[in-house]
Structures are given as structure tokens and as C-alpha cells.
Amino acid sequence: MLRRTLLATAAAGLGLMAAGGAMAAGMDKVKACFVYVGPIGDGGWTYQHHQGALAVQEAYGDKVEIQYQESVPVGADAERVLTQMALGGCNIIFTTSFGYMDPTNAVAAKFPDVKFEHATGFKREHPNVSTYNARFYEGRAVQGTIAGMMTKSNKIGYIGSFPIPEVMNGINAYYLAAKKVNPNVELSVVWAFTWFDPAKEADSAKALIDQGVDVIAAHTDSTAPLAEAAKAGGAVIGFGQASDMEAYKPSPRVSSIIDNWAPYYVERVGALLDGTYEQSDVWAGIAGGEVLIGDITDAVPAEVKAAAEKVRDDIAAGTLHPFTGPIKKQDGSDWLAEGATAPDGDLLGMNFYVEGITGDIPK
Amino acid sequence: MDFGGINPVILIASLMVASVPILLAALGELVTEKAGVLNLGVEGMMIMGAICGFITAVHSGSPVAGFVGGALGGAALSLVFAFVTQVLLANQVATGLALTLFGLGLSSLMGQNYNGIKPPLTGALLPGFLREIPVVGPIIFGHDWMVYLSILLVAAVWWVLKATRLGLIIRAVGESHEAAHALGYRVRLIRLGAIAFGGALAGLGGAYISLVRVPQWVDGITAGAGWIALAIVVFASWKPWRALIGAYLFGGITVLQLNLQAAGSRIPVEYLSMSPYLVTILVLVIMSSGRGRAALNAPAALGQNFHATR
């Protein structure tokens, strides 16, 4: 009797091991979890990630289960949420903001069987951490072209969130593209020190408008800067950020950068399902379809639209790089020589303004 | 005309708008405290006003209805405070703090499905040609009706407290509830009215944030404005016109720090961001240094519960 029980237990154990082996090769059902920095109704960054999550659900139906948590603050809270998700049976966790970089790696160390995917970061300290990003600065070059041609006051503005490389790329690309089509252009940068705080974003936009700025680009997540620009009654234009923000068409929203995460999410969850999943580091742009340029409205003249579309197409074709030398840094030192393009390493660690931008970068 | 790249006319015009929420909330709290009740739940009442006003405006399509809804929402929450402190005689400080936490949570729950919706717009009150007048135009004629209403309310509160029988009764209740009771006034009923008025104005201020200044709903939208309003009441030494000055000062610093950034000032952002709060602390220290409670003009019965023994 005792022997029989023992045998049965051993058989069950073997069965479990076989199931474990099958997991490495592929999975029948994947629980994909998403951590968002804002509410899914922000109309921007988080909304777009959530669209990606919904696309995964649509692509695989019953084979995936989606779980997400909104408005997770970066820092200690994020670690708690990630741990909870990993314990709750998530097979793959997408952490969708730069600030989750360290919590993601810390929790990944404790759960080697769970896959972690961190957006916009650069740390992959464990084999189960992958990173993915989009070359938003390519879209900024298109916006800068429109801004430089459209501004009447020659003052353009940028609402920065935090002085991290991704945002620095955006500011510099926006300025360089505007300068190229309009040598007299001046750029004002306001740091909001938040990803999502509509009151503060609106106040920042208002401060820029009060200073005579008539084209505003925002690197924060809500539609508040566009709502503020709309109050100016057509005198001020802006761009949809992260999402199309089509509610503000045709003006003040004259174009937009759309983060298109859906193909990546579908691909990664699919890889986990069929067992081809590997650690990776993806950084695609306009050419890869991760960065889409939203419809350029009739609020801008045809030649501006044509110029912006040319920049977009040239970047997609690889014939134009938004950071092409000669470019000097703000302090006058050389960065890129004539004809040289910025290496990815420089972009991922960018912590300076290019020559011509005034003001200091907060530390 | 410009100082350091900043146009003072535009600065004044925008600080008047930025100050409306804290001005309204401070004015309401001033009346509440004049009646001897310390309600620290201003932040909670403001955010309830913000969400109730937003929901009303979105569904009715009318900003005016939205402001009424906001005032009702703030007043409704303040009645919870009134019940607990005036009927159950609970500690006012603890109840007020709890009210803030309750308001933040409840508003977040109510606002679940209202993220990313646009409320109907509140436009400027006066015709455009008046706004074109240099200097005076943007400062005096360029605002929406709530800005004018907030200033009218300051005048009204000042006049009522100073010159009417109602004001005298409110002040009597706040200075010595025993004496007011002995004279036959219903202390707790009068305080209940003052609390509800304070709640309504805080709600109105909150609705201004979600309907005009942002205009959008998001969790925690008031972002500490209620605490600044409380500081303004002390700063104003319980005088309505000084509350107006205080609100414009605080609102002005907030606007100025963003404008300085936009103008490319070399002052580090961090100092500018904390300056409103530094000024709050400084003012409170100066106001309370070496002077008695009487000089500070605080109502003598502030924060004390009243229970009729006879």
C-alpha cells in the first residue's frame, strides 16, 4: 500500500516535470500583465499601451489573460505591485514607464521564471528582462519642421517631464528640425516634473503662451496642454503626444506622434506562446512602425504639410537622421562632425542641450 | 514694459485666474472659522466639488450647472463634518483631516469613468473689444464670470461680517459660544450653516479647477490647494480683503515660477517650485512671532466644541 502510494507520487512528479518541460517549449495559455503609470483614460501614453494590451487579447483570444494596474507610482509601490503580479501567476509583465527600471530588475531577480519587459529603459540585469523603446525623436523632427515653419512669433515651446535621455532626445530633435527651416527660432523649455498632472501641464502651457510661444510640443501624457492651447482660439497650435488626440483636430492639434505598441506586444506574447521567446532589446522608429505620425491637418498650409511629410518619409527611408552633424553642444563643444550621425549610445545617454537652446537642465 | 522677459500685464491677468480656487476655498474657511469651527477638510471638500461639478457639467452640458453641482458636492461633504463635530462632538482637527482623506478617496471612486472627457467650456464674460484695450483690457475685462464672482464674494463676506446682524451673530458664536448661547442664539445651528457655506465655497473652488483651469478630471486634481487655502486664512488674520491679497500672492508666485522658466530664467526650477510653500512658512512665522492670539485676530472659541449645559 505504502509502496503503491509512493509510486503514484513519483508518477505524478514525473508528470509535473514533463509539464514543466513543455512550458519551456511553449505555453497553452499566457497571463500577460501590464503596469501603467497613469490612468488608461489619459488619452495619451497609457491609453496607447492599453490599446496594445487589447490588441494582444484580440490576437490570441482565450489563450491569453490580460491583467493591468493603472496609476502605479514609480518607486517602492511599483515593486510591491510587480511582486504581487508575479505571485499572482503572470507569465509576462510589461512595465510601461522609464521610472520602473530599477523595480523591474529588482523583482525580476526574485522571479526567474517570469518574463519582464521594460519600456524605454536600458537596464537588463537578468536574463528574464528585456527592454523595448521607440525612436520618438524621429517624430519630434517632423513636429519641429512644422513648428519652425508655422511660428509667427519665432518662439516655440516644449513641456518637458523629467530630464532623462528620452526627453532630451525629443527636445534637441525638435529644436534642430525647427532651426533648419527657420534660423530665427527660439525654444523655451518648461519642466513640469511629472508625467501626468493635467493641472500642472495646463499651467505650463499657459506660461509658455504668456511668453509669446505659439507652437507647443508636450512630453507629458495628458491632453491638458492642447486644451490650454485651444483656449487661444487658433493662435496657438500643438501636437498630439503618444496618442493621436484627435478630439483636438484640426486645430490646435495639427499633427501627432502615435506610439504604436500593439505589434510588439502581440509579437512578444506570441513568442511566449510558441516557445520562441528570447531576451531582446528593441528600438524601432518610424521605419519599424512603432512611431506613427498622425494625420497632418488642413490647419497648416500645404507646403508645410509637404515639408513635414518629406522629413517623415526620408527618416523612414533611412536617408535622413534627425541628428546629423555638424552639431555642437550648448557649451560650444563639438558633438557631431560634419555629416556624422549620432550613435545610439549617445542618444541613450543624452544629457545636454544642443547649441542654441537657452536655460539650464535641472539636475 | 517687460521685466526679465515677463510681461507684468499678462502675469497679473493669469495670476487672477490661477488664484480663484484658493481664494474661494479660503473665503469659505474664513467664515467657518469666524463661527469658531476649525475645518481642516478643505482639500477634501474642494476635490469633491471638482468631481461633482465636473459630472454635473458633463451631463447637463452647462458650466453654470456644473458650478452649482460643485458647490452642492462640497457642502454635502461638509455636512458630514458638521454632523460628526456638532452633533457627536468629535474632535474637529481629527475629523477635518479624516474628511480630506475621505474626500480624496470618494472623488477618485466617483471619477472612475470620467478620465479624458472634455467638459463644456466657460468663456470670457465680456465682449472681445473690451479685452483689446491695452493693460486694463486683459487685467479687468478679460476673465470668465467666476473670477468676478470670487471678488464679489469677498466684498459680500466682508460686508456681511462687518456690517450686518448676521455677521455679528456669527462673530459672537466664534468668540464666545457660551455668551451667544446665553443670549438665546442657537450656536450649533449657526455653526452648521457656517460649515455648509465653507463647504460650498470650497466646492466652487474645486469645480473651477476641473471646469476652467485644467479643464479635465483626474485623481487628486486639487494637488494641495486646500492646504494653501488654510494657510491663507491665517495669513489674512481672518479678514476677507487680506484673504484676497493672500490668494493673489500665492497664486502669483505659482504663475511666476512657470513664467520665469518659460522666459529662460537661470534660477533653478526646484527653488521656484518650492517658493510658494516657503513663503507660506515664512508668513506664518512672521505673523505669529511675539504677538498674542488677540493680535492675530483669531476667533477665541476656534476649534472648541459647544455643548449646552443649561
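User: At what angle do helix α8 (residues 165-175) of chain B and α10(B) pack, and how far apart are their axes?

Analyst: This is a predicted model, in which local features need pLDDT of at least 70, side-chain atom pairs count only at pLDDT 80 or more, and totals for chains, interfaces and linings use all residues. Residues are numbered from 1 along each chain as its sequence is written, while chains are lettered from A and ligands numbered from 1 in the order in which they are written. Helices are DSSP runs (H or I, at least four residues), numbered from the N terminus. Axes are lines fitted to C-alpha atoms, for helices over the stretch in contact, and angles run from 0 to 180 degrees between N-to-C directions. Here α8(B) and α10(B) pack at about 110°, with axes 10 Å apart. Angles of 65 to 115 degrees count as roughly perpendicular, so α8(B) is roughly perpendicular to α10(B).

User: Which residues of α8(B) and α10(B) meet?

Analyst: Two residues are in contact if their C-beta atoms, placed from the backbone, lie within 7 Å. From α8(B), B:I169, B:I170 and B:V173 meet B:V187, B:I190, B:R191 and B:A194 of α10(B).

User: How many residues does each chain give to the contact between chain B and chain A?

Analyst: Chain B gives 24 residues and chain A gives 28. On the chain B side, α12(B) supplies the largest share, 4 residues.

User: How far apart do the C-alpha centres of domain 1 and domain 2 of chain A lie?

Analyst: Domain bounds come from an automatic or database domain assignment. In chain A, that assignment gives domain 1 (27-135 + 261-284) and domain 2 (136-258 + 291-348). Their C-alpha centres lie 28 Å apart.

Terms used. Helices (H or I, at least four residues) and strands (E, at least two) are DSSP runs, numbered from the N terminus. Angles under 35 degrees count as roughly parallel, over 145 as roughly antiparallel, 65 to 115 as roughly perpendicular and the rest as oblique.
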